[in-house]
Amino acid sequence: MIKNLKYFIRYVAVSILVISIILFVYLLNNFRSLFNTFNTNYDAGKIPMSASWKEQTASENSFVWVGHATILLNLNGENILIDPIFSERASPFSFIGPRRLIEPAIPINELPKISKVLISHNHYDHLDIPTLIELQNKNTDLLFFVPKGDKTLLQRNNLLNIKEFEWWQSTSINNKVFTFFPVKHWSARTFFDRNNSLWGGWKIQSSDYTVAHFGDTGYDSLFSMEREKFGNIDVAFIPIGSYAPREIEKDHHVNPEEAIKIAEDLNIDYSFGIHWGTFFLSKEPLFEPPELINKYQSLKTEKSFSTSKPGQLILLDSLEYQTILDN
Ligand SMILES: [Zn+2]
Ligand SMILES: [Zn+2]
């Protein structure tokens, strides 16, 4: 009897060890980028912000970088929010996880009326359920455009009017065409749903401008090979942060030099760097992304790649005069 018990305990111990090793290898293989987000350096300082968003008018095509990947876009008098996060942390929990270094440049209560929310992928720094719930409460008939696979997540949280998109799927609404395009990234909300939903970026064509938001992306030949499919892009928001260390991040996050390469591949007139200075998700110094953009950008003069301050109102009609922005 005792001998059997000994065997049993040994059997259980070996099983636990084997399962632990398998789990460890699985997590290390698939979630290294996620674990790299648990870097925090809240003493790094704060990037300067602007309050010129208060001058936004419905009649002028404009955008404001609210922080991180959140863009408030006004096209033909319609306000669209992309990847809005107004929560304190980019995390499934309110008490732990990457915390904001700066407040959202526009308080959520002071946003203009929003008609559509576009989501690039389901990582917590891009798809923030508390923000989406608050936006729905404040905006009647709000539409949510999400990648294929994320609709049920929103539905579970009582969000309505959700449309899912496959890669390269378009929809035409209010004289604008919205297209969800692929990028090089991944998706996951838990350890068990990796890549169950799509990840990508958004292209919005209006009568005046074509604007694109690249969500999160690594560098990929996709951008040069599919140039015709991407078509003309006047203004783009391209991530320039979360790239260090390269051995962990290079498949998921471009560095500033690669961000410029995407803009070149797609011949984009005006690119703006986002996804930096807001949440600490990796190991590059806080101010390095715009410094490197300026360094590499100064070598190339035909197109513009710059950064704006969070909260700074950028008028699309005046872009020629605003391409060199102070950081
Ligand atoms: Zn992501
Ligand atoms: Zn991100």
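Q: In this predicted model, what is the strand order of the open sheet that contains β7 and β13?
A: The sheet has 7 strands. Its pairing is mixed. The order is β7-β8-β9-β10-β11-β12-β13.

Q: Which strands stand at the edges of that sheet?
A: An edge strand here has a single partner strand, so one side is left without a neighbour in the sheet. Between one strand and the next, the twist averages 20°. The edge strands are β7 (170-173) and β13 (304-306).

Q: Do β10 and β11 run parallel or antiparallel?
A: Strand β10 covers residues 210-213, and β11 covers residues 235-239. The two are joined by 3 bridges. In one of the pairings, H213 has F237 of β11 as its bridge partner. The strands run parallel.

Q: Which helix packs on this sheet and touches β11, β12 and β13?
A: The helix spans residues 256-265. Its direction makes about 150° with that of β11. It is α8.

Q: What is the bridge partner of V64 in β2?
A: Strands β1 (residues 62-67) and β2 (residues 70-75) run antiparallel. They are joined by 5 bridges. The partner of V64 is L72.

Q: How many residues does the largest nonpolar core have?
A: V64 and L72 are among the residues with the most contacts inside this core. L73 is another of them. Away from its sequence neighbours up to four places off, L73 touches F63, I80, I82 and V211. The core has 72 residues.

Q: Is L132 buried or exposed?
A: L132 lies in helix α3 (residues 129-138). Leaving out residues up to four places away in sequence, L132 touches V117, F144, L154 and L159. A residue with 20 or more C-beta neighbours within 10 Å counts as buried. L132 has 24 of them inside 10 Å, so it is buried.

Q: Against which elements do the buried residues of α3 pack?
A: The buried residues are L132, L135 and Q136. They cover an arc of only 100° around the axis, so they are on the same side of α3. They pack against β4 (116-118), β5 (143-147) and α4 (151-156).

Key: Residues are numbered from 1 along each chain as its sequence is written. Chains are lettered from A and ligands numbered from 1 in the order in which they are written. This is a predicted model: local features need pLDDT of at least 70, side-chain atom pairs count only at pLDDT 80 or more; totals for chains, interfaces and linings use all residues. Two strands pair if DSSP finds at least two bridges between them. Helices (H or I, at least four residues) and strands (E, at least two) are DSSP runs, numbered from the N terminus. A nonpolar core is a set of buried Ala, Val, Leu, Ile, Met, Phe, Trp, Tyr and Cys residues joined through C-beta atoms within 7 Å. A residue is buried if 20 or more other C-beta atoms lie within 10 Å of its own, exposed if 12 or fewer, and partly exposed in between; C-beta atoms are placed from the backbone. Two residues are in contact if their C-beta atoms, placed from the backbone, lie within 7 Å. The arc is that of the directions from the helix axis to the C-beta atoms. Axes are lines fitted to C-alpha atoms, for helices over the stretch in contact, and angles run from 0 to 180 degrees between N-to-C directions.
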